Every structure is written in C-alpha cells, then in structure tokens.
Amino acid sequence: MKKRYDCIIVGAGPMGIHCAYELMKKAPDLTVLLVDRGNDIYNRRCPILLKKTDKCPTNSSGISGCHPACSITTGFGGAGAYSDGKYNITNEFGGWMGEYVDSEVLLDLINYVDQVNLEHGADTEITDPTTETVKAIEKKAIGAGLKLLRAKVRHLGTEKNLKIMENIYEAMKGKIDYLFRTKVVNVIVEADKVVGIELENGEKIFAETVVLGVGREGAIWLQKTLESHNIKFTNNQVDIGVRVETNNIVMEDINKHLYEGKFIYNTSVGTTVRTFCSNPSGYVVVENQDGVILCNGHAYSDEKLGTENTNFALLVSHEFDEPFNNPNQFAYEVAKLANKLAGGTVIVQRYGDILKGRRSTAKRIKESFVTPTLKEAIPGDLGLVLPYNTMKSIIEMMQALNHVTPGIASDHTLFYGVEAKFYSARPEVNSNFETKIKNLYVGGDGAGITRGLSQAAANGVWIARNIIKKMQQKGD
Ligand SMILES: Cc1cc2nc3c(=O)[nH]c(=O)nc-3n(C[C@H](O)[C@H](O)[C@H](O)COP(=O)(O)OP(=O)(O)OC[C@H]3O[C@@H](n4cnc5c(N)ncnc54)[C@H](O)[C@@H]3O)c2cc1C
C-alpha cells in the first residue's frame, strides 16, 4: 500500500466497487485505493450462515457481533451481498439520483452497470414488464388510481450475486489497491480541499480525491464527520406502515407475471403509499433495529420451503417541516409503542378488525382464512399504534389494490405492525456529488442518495466519470 493515491474510495459496496471499476477501465493510470472495514469477498463468513451458531457471537467484553465487522453487512460487495440481488433496471425507483442527474442519463448508467454484471457472470434471463398480461394489470391499476412501476428485473440470486462479486474482485485485483478490515475514522481537509483519510489506528493516507460510499452502516459516521467540516445535511422523510399477509391465490397474477408488483398511490390526506418487498410463498419475520422490533418478510428460492401465503409491505411516506427534524426517531417511537403493547414484539391484526375498530384476539386470528406465518406476533390493535393519517392512507391503498388483486381487502387479510424504512440524512452536494470540500465526493445509500443496488452502482460510475473529467481538465 502506498502513502499517496490519486483517489481513495471508502466503502466496497456497489457504489464504491463500480466507482473503482470505472476508474480502472477508463483511467488505468490513476492510482486508486479501495478501503472497507469489513472482509474481502473470500472471507465474508457469517457463523450463522455457516450454521456454526444460531446467534451473533459475543466477545469477552460482552460486545455482540463479528470482529472487526459483521460479515453480512460489510466487506467487498457491501450490504446486499448475501441478498438474492434483484437488480432493478428503471429510473422510477431505487433512490433519488434523478434529482441530480437527467433521468435518461440515469437509466443509461443503470444499463451500463447491468452490462458489467453480465460480463462477470450474471444470468441473461430478465423479467419482461411489457407483456399483454402486465399491460392488463396496469390498466386495472390506472382505473383504481394506482401507478404500476414497471421495471425489468435481473434476478442475480444469492449464490450468483456472490460469484459476480468474486469475478469483479479478481478483475480489479492488482490494478486497484485493496485495504480490508480497516475502518476510516476521518477525512483530512486543508484549506477547504480534501487531502486524505485517517484510519482507526491513527495512520494517514493521502489522496487528490476521496469518495465516501459508506452505506447505511456508515451513515451516522458520515453525518457526524461531514458536519464537523460544516457540511449541511437534510433529512425529512421516513416510511411507516405494515406488512400485509394474504393467500398466494389472491396475489397469483402479480406473483406469476411480475414477481413483485410495485404500486404507488396518492391518498386523499396528501401522503404517498407504496407496496414494497413482496415475498410470494414467503414468511413474515421480525428484525431488530437498534433494540426496536420491526416487521419484514422473506422467501426461500427452494419451493419446498415455501408457504401458502404472500406478504408485502405497505409503506406510507411521511415528510416533516420545521421545527421537527428527526423523522427516524418518530418511526422508532411508533414502532416502540407496538412493541410495548405486544410485550416486546410486533402486533398482528385482521384487516376486518381494523375496519371495525376492534382488536384482534387469538380466537379471531385462529378463525381467519389466512394462517399467520409469524407465530410470535401478538394479536392486538394497530389502531392504538399507527397515527390516523398513516392508517387512513393504508386503508385507502387497500381499497385501491382490491381492484387489481380482488380479495386483498378481505376481512381475513392480516396486518403486522410496525414496518418502517429509515433513510440516511443527505449532505449538500452538486450534480457531480461533490461536496463543498473540493474533491470530496459522497454517494450511495449512506448519503441518502440511493436505496438500491442499481442506483448505488450507477452513482459510483457517475462519480468516477466526473473525477476523470476533472483530472483531464486539470491536465489540459
Ligand atoms: C438484506 C438486504 C437485501 C437487499 N436486497 C436488495 C435487492 O434485492 N435489490 C436491491 O436493489 N437492493 C437490495 N438491497 C439494498 C442494497 O444492498 C443497497 O442499496 C446497496 O448495497 C447500497 O450500496 P452502497 O455501496 O451505497 O452501500 P453498502 O452496500 O452498504 O456498502 C457500504 C460499505 O462501506 C463500508 N463502510 C462503512 N463505514 C465505513 C468506514 N468508516 N470505514 C471503512 N468502510 C466503511 C461497509 O463495510 C460497507 O461494506 C438489500 C439490502 C439488504 C441489507
């Protein structure tokens, strides 16, 4: 490892990887260092996935998790490396890059990364959102005031996803310097220009340009660090809602022809509701976020492990104005209330009981035609938890969805609460994602600019191209 580079990229998630890959391809003379606090692609070994334990290991000081960082969320490949990797080819969702870059340019960038993935082993198969059946679904949706977000989706698949990462890792090895298991603790700024980074052990590495792509994992660090250099952040949105569970038969057309039907609806109370993360034949699960228990869902690719149910999230976007500036805390408090009422877990309630304004009881859930896949959820009343505005938005969305998937608004459909999606605060940047500190770029999920593989990777490519352009202009 050198002491000085042309460019240092912090974070080896999709954003950092595709930034590095583009620099290697288009400006091979530049010296580039890619740093990540997690492991390289071959050493991301989660003891739970390896079935060595069923919970995170705890060290002698009582600290839970792997050393130096969690193999599931950190390391080469970033947060989604172990996911089934749905690569969405669309500029309609997956982040807010379109607020900075022309939407056609964004789509070109996403297609460009798709090509890179194909060159490194991605499947050629892709979903087609333009079939007559999908058009018929879309027509019904429009009639009900719903917008169907159509995207081509390349299913990378968990094993394939890791293999693609491995191939890209090998392609860059020797051309890009790697530094893993190394946490960056600060950026070094002199006279309003970035000059390098500082590592946890106090070591300094210098560079002409620094790119920060630290993901949701590094979002708090990013905000704290950049605010200390007087960069302003904004964060005014959080998504709150429920996980809906119904029988597969109700969702059959959507599951078969779209796998995941992404719909959005603008409600009479001024909110936008969206469907998210659909799991045909799946399970509702809980996730622990900083001590708060939230709902989520997943499905196995092995059909033998499938259920009779499909689940998906209905999320209501809430935006806040001054003086309130902590939307994430708001969602935590709502979810905590559900945990309190349910004795430390999530609540399950039948849709019919919600409409009647009464709680679900164990008896009512047992009598339901939908058998809950999350056994630990406690029958209760989400009406005592979700704000009126949120609940009204969800009910309006259910009524609209019932025109596209008849039966979804049946009394028997189950709601689990609370589900929430948090976003990282967004630093002030220009359209090249450069901060007011010269040559310091930020991007990806950690900077609140993206929320998906395709835009995060596209963000990396765009930043790389701008770095090259700037360096060329300097050389002219
Ligand atoms: C379980 C799961 C499933 C997902 N499935 C999908 C999907 O199917 N389709 C989809 O589009 N999206 C999916 N996503 C979202 C997707 O993974 C993210 O949008 C994407 O990874 C964001 O990329 P990124 O490069 O911005 O950040 P990340 O991928 O989070 O990478 C950031 C990297 O920065 C490193 N880092 C952080 N702080 C520091 C520091 N101080 N010093 C050094 N290194 C640091 C971390 O170790 C990490 O490796 C999924 C996410 C998860 C968690």
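This is a predicted model: local features need pLDDT of at least 70, side-chain atom pairs count only at pLDDT 80 or more; totals for chains, interfaces and linings use all residues.

## A walk through the sheet and the ligand site

Strand S17 (residues 347–350) and S18 run parallel to each other where they pair, over two bridges.

Now zoom out. S17 and S18 belong to an open sheet of eight strands with mixed pairing, and the order is S4-S12-S13-S16-S11-S19-S17-S18. At the edges sit strand S4 (146–149) and strand S18 (378–379), each pairing on one side only.

Two helices lie across parts of this sheet. Helix H10 (residues 388–404) lies across S4, strand S11 (237–247), S12, strand S13 (272–279), strand S16 (309–319) and strand S19 (414–421). The angle between H10 and S16 is about 135°.

Next, the ligand. It is surrounded by 30 residues, and the closest are Asp36, Ala79, Lys86, Asp445 and Leu453. By class, that shell has nine nonpolar, 14 polar and seven charged residues. Helix H1 (14–26) and helix H11 (453–475) each supply at least two residues of the shell.

| Residue | Protein atom | Ligand atom | Distance |
|---|---|---|---|
| Pro14 | backbone N or O | oxygen | 3.3 Å |
| Asp36 | side-chain N or O | oxygen | 2.7 Å |
| Lys86 | backbone N or O | nitrogen | 2.9 Å |

How much of the ligand does the protein bury? Taken alone, the ligand exposes 1,000 Å², and the protein buries 83% of that.

Finally, some backbone details. A cis peptide bond links Glu322 and Pro323, with omega at about 10°, and Pro323 is found in the loop between S16 and helix H7 (327–341). Another cis peptide bond joins Gly417 and Val418, with omega at about 15°; Val418 is part of strand S19.

Which residues other than glycine have a positive phi? Cys277 is one of them, with phi near 55°, and you'll find Cys277 in strand S13. Asn439 is another, with phi near 65°. Look for Asn439 in the loop between strand S20 (426–427) and strand S21 (440–442).

Definitions and conventions:
Residues are numbered from 1 along each chain as its sequence is written. Side-chain values use heavy atoms; hydrogens and water are left out. A residue is near a molecule or strand if one of its heavy atoms lies within 4 Å of it. A polar contact is a pair of N or O atoms within 3.5 Å; within protein, one must be able to donate a hydrogen and the other to accept it, and residues adjacent in sequence count only if both atoms are side-chain atoms. Accessible areas come from the Shrake-Rupley method with a 1.4 Å probe; for residues, only the protein chains shown count as cover. Helices (H or I, at least four residues) and strands (E, at least two) are DSSP runs, numbered from the N terminus. Ala, Val, Leu, Ile, Met, Phe, Trp, Tyr, Cys and Pro count as nonpolar, Asp, Glu, Lys and Arg as charged, and the others, Gly among them, as polar. Two strands pair if DSSP finds at least two bridges between them. Contact means heavy atoms within 4.5 Å. Axes are lines fitted to C-alpha atoms, for helices over the stretch in contact, and angles run from 0 to 180 degrees between N-to-C directions.
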